[in-house]
There are 2 protein chains.
Amino acid sequence: MIPTVEWRDGTVCLLDQSCLPGEVRILNCYDHHMVASAIRDLKVRGAPAIGVAAALGVALAAHTTRATSPLAFAQEMETVCAEFSSTRPTAVNLFWALDRMRRVLHTWAQASVDTLKRLLLKEALRIQEEDLAMNRAIGRHGSTVVADGHQILTHCNAGALATAGYGTALGVVRAAWEQGKRIHVFADETRPVLQGARLTAWELRQEGIPVTVITDNTAGVLMKQRRIDLCLVGADRIAANGDVANKIGTYSLAVLAKAHGVPFYVAAPSSTIDCAIASGEAIPIETRPPHEVTSLYSGTRIAPEGVEVLNLAFDVTPADYITGIITERGIFRPEQIDKVMCSAHEGEFVGRRE
Amino acid sequence: MIPTVEWRDGTVCLLDQSCLPGEVRILNCYDHHMVASAIRDLKVRGAPAIGVAAALGVALAAHTTRATSPLAFAQEMETVCAEFSSTRPTAVNLFWALDRMRRVLHTWAQASVDTLKRLLLKEALRIQEEDLAMNRAIGRHGSTVVADGHQILTHCNAGALATAGYGTALGVVRAAWEQGKRIHVFADETRPVLQGARLTAWELRQEGIPVTVITDNTAGVLMKQRRIDLCLVGADRIAANGDVANKIGTYSLAVLAKAHGVPFYVAAPSSTIDCAIASGEAIPIETRPPHEVTSLYSGTRIAPEGVEVLNLAFDVTPADYITGIITERGIFRPEQIDKVMCSAHEGEFVGRRE
């Protein structure tokens, strides 16, 4: 599997996901602005991958800066972090990763610029390694809810492409598949940006895991026909009460799953949990440009010129629609998240956002 | 408004809906095969419009035939009806219209070929006129459920473009608008063929009725945010028990509407009611080619080569999800359909299908 994000000798290399599945193109970022643009333009997407890319972007800025005094260096890094903070508002992993990078700067405020550069890169690479390890643990825990013969519905792409590797929701699928369970995935195409049709289908086919692409409109009737045993999705931000922000359409799926008695699981690392936010209502939801809806993915216009469009990128699924949240530390009921995940977070990420 | 289907001196003229909204192109059909292809390729679509187009297609075949003996003529018309019957399986208006055309042939079995040609054209034009009149009546009845200030969600296109004119679900919208009610329509884009983004948005903007295009994934969160007062959709076939086959995704919408306490209305003329079918389970559901999903509307490939696709064109919404069915004869609860609409149908359409 081609890595989603990689540090190679002072370059951040991103697999350009806007070109998939037609073309496997690597985007070499020589400065952090390129990384920030790639995040903004969805060339790298998926909450954990955004966090990793931003951390490596900060390390890249440290690597390329001309600042020589610790003060100038620290100020520049603050500006860089602010730039990354403004790229996308919903995925909390971005703020979490930037917070970790900032904490290095604060902890080692007396260190030399060279030392700080080294420490920032080390921290970014650690974030990346940890994410991969968390995904493998998520897969291990989550695979216990997948039985042989299960037909699994997933939405968007919560796979290796959305993370440092292996994936969250698709990490669970991968782990079940590696255990020899015969499973079949239905991938919602996930309009408007089609991450399901473009990325999830591509990723699963690379592994030989059976997958069928459906329009988002087809999920309901498949549940009615009892062809879905399990829904598995990722998350962009989880509030302390277990409410989950994820790709637009997740809420509809969760309502459908509840109406049909289909278990609905969210898979996400602890970096997705925002203990500073009490409930999903406070999660900022990104509105993206109309052209994503009116011009399809290819640029062909499919709606009348000048028509009004509402393009919400995410929605919030209340905790009571969620059977379980699969984390690297185990599977929890949404209402357990605060106790299990947030007390451990104390003194760590405090949910700072600009 | 440009007519959806029109008879002009021995030509069936269709507004090519596959070109909208980019281009207003009229497809002139000089033989009935062209009309049948246009139905198959969704150049004319929408259950009532398909019925009208097929009836005019039969009249066109009668107009252009070289048969001179009544027997040869009758046999040829049977072949023509069979060709139209095979175009699309779900919309019952097609079979209903063909049945009416066949009844002319049977009733006037002793007439001359010239008389039959005249009678077939007259019947086709009557089907067209009746459809327009039924839509206006649907609008009149349906507008009583639309209040000033209502925000209405619709799916696919059940407008003038889907009928002989005025529309079913959009006929209700039109009537409410003509009454001076300030309304706002949210149009689901309706993947895969995007009739909402392409056709509903275009049609409403022609009339100046406020419309916002959303992805199908956005409907749930809008209901959760209490931004939808009413769902209004069309139908491709209604079973005697009030179950409704309509564009894929309608069932999901109905489940969402029920979960949020949003009234869910289906608007359709009596030609959409199939009294010969007891419940929605017996309605044949068309599976369409994968390329509609994998290649978007424009031909650009958006899923990996060779990926498996399930492209169901319709789904069935059980009667208990439906608040009311708006017909030309009034608004009925689904469970009333059998008594009110099917007893009156006795001796008329018997649901014959090839």
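## Where the two domains of chain A meet

In this predicted model, the rule finds one salt bridge across the interface of domain 1 of chain A and domain 2 of chain A. The side chains of Arg88(A) and Glu286(A) meet in a salt bridge, at 2.9 Å from N to O.

Which parts of domain 1 of chain A supply at least two residues each to the side that touches domain 2 of chain A? Look for helix H2 (47–64), helix H4 (92–107) and helix H5 (113–142) of chain A. H5(A) gives the most to that side, with six residues. Sorted by class, the side of domain 1 of chain A that touches domain 2 of chain A has 17 nonpolar, seven polar and five charged residues.

## The domains themselves

To get your bearings, note that chain A is divided into domain 1, covering 5–136, and domain 2, covering 144–345. Taken over C-alpha atoms, the centres of the two domains are 25 Å apart. Their contact takes 29 residues from domain 1 of chain A and 34 residues from domain 2 of chain A.

The size of an interface is often given as the accessible area lost when the parts come together. For domain 1 of chain A and domain 2 of chain A, about 2600 Å² is buried between them, with 57% of it on carbon and sulfur atoms. On the domain 1 side, Arg45(A), Thr90(A) and Met134(A) lose the most area to domain 2 of chain A, and together they account for 23% of what that side buries.

## Chain A against chain B

Now for the meeting of the two chains. How many residues does each chain bring to the contact? There are 52 residues from chain A and 52 residues from chain B. The area buried between chain A and chain B is about 4200 Å², and carbon and sulfur atoms give 64% of that. In chain A, the residues that lose the most area to chain B are Asn217(A), Ile302(A) and Leu310(A), together 16% of what that side buries.

Across this interface the rule finds 24 residue pairs in polar contact, both at pLDDT 80 or more. Several elements give two or more residues to the side of chain A that touches chain B, including helix H7 (195–207), helix H8 (219–224) and strand S13 (314–317) of chain A. H9(A) gives the most to that side, with six residues. By class, the side of chain A that touches chain B has 28 nonpolar, 14 polar and 10 charged residues.

S12(A) pairs in the parallel sense with strand S6 of chain B, residues 211–214, over two bridges. Here Glu308(A) stands opposite Thr212(B) in S6(B).

## A salt bridge between chains

Side chains of opposite charge can pair when their charged atoms come close. Over all chains, the count comes to 34 salt bridges by this rule, and two are found across the interface of chain A and chain B. Take Arg191(A), which forms a salt bridge with Glu189(B), their closest N and O atoms being 2.5 Å apart. Why does this pair join two chains? Arg191(A) lies in the loop between strand S5 (184–188) and H7 of chain A, while Glu189(B) lies in the loop between strand S5 (184–188) and helix H7 (195–207) of chain B, so the pair joins two chains.

Arg191(A) has another feature worth a look: the peptide bond from Arg191(A) to Pro192(A) is cis, with omega near 5°. Pro192(A) is found in the loop between S5 and H7 of chain A.

## A hairpin and its neighbour strand

Within chain A, strand S8 (residues 237–239) and strand S9 (residues 244–247) run antiparallel and are joined by two bridges. Ile238(A) stands opposite Val244(A) in S9(A). S8(A) and S9(A) form a hairpin with four residues between them, and Gly242(A) in the turn has a positive phi of about 90°.

S9(A) also pairs with S13(A), in the antiparallel sense over four bridges. Val244(A) turns up again here, with Thr317(A) as its bridge partner in S13(A).

## Two loops with backbone details

In chain B, the peptide bond from Leu20(B) to Pro21(B) is cis, with omega near 0°. Pro21(B) sits in the loop between strand S2 (11–15) and strand S3 (26–29) of chain B.

Back in chain A, Asp9(A) has phi near 45°, a positive value in a residue other than glycine. Asp9(A) lies in the loop between strand S1 (5–8) and strand S2 (11–15) of chain A.

Definitions and conventions
Residues numbered from 1 in each chain as written. Chains lettered and ligands numbered in written order. Predicted model: local features only at pLDDT ≥ 70, side-chain atom pairs only at ≥ 80, totals over all residues. Heavy atoms only, no water. Contact = heavy atoms within 4.5 Å. Buried area = accessible area lost by both parts, 1.4 Å probe. Salt bridge = Lys/Arg side-chain N within 4 Å of Asp/Glu carboxyl O. Polar contact = N/O pair within 3.5 Å; in protein donor to acceptor, adjacent residues only side chain to side chain. Nonpolar A, V, L, I, M, F, W, Y, C, P; charged D, E, K, R; others polar. Pairing = 2+ DSSP bridges. Domains from an automatic or database assignment.
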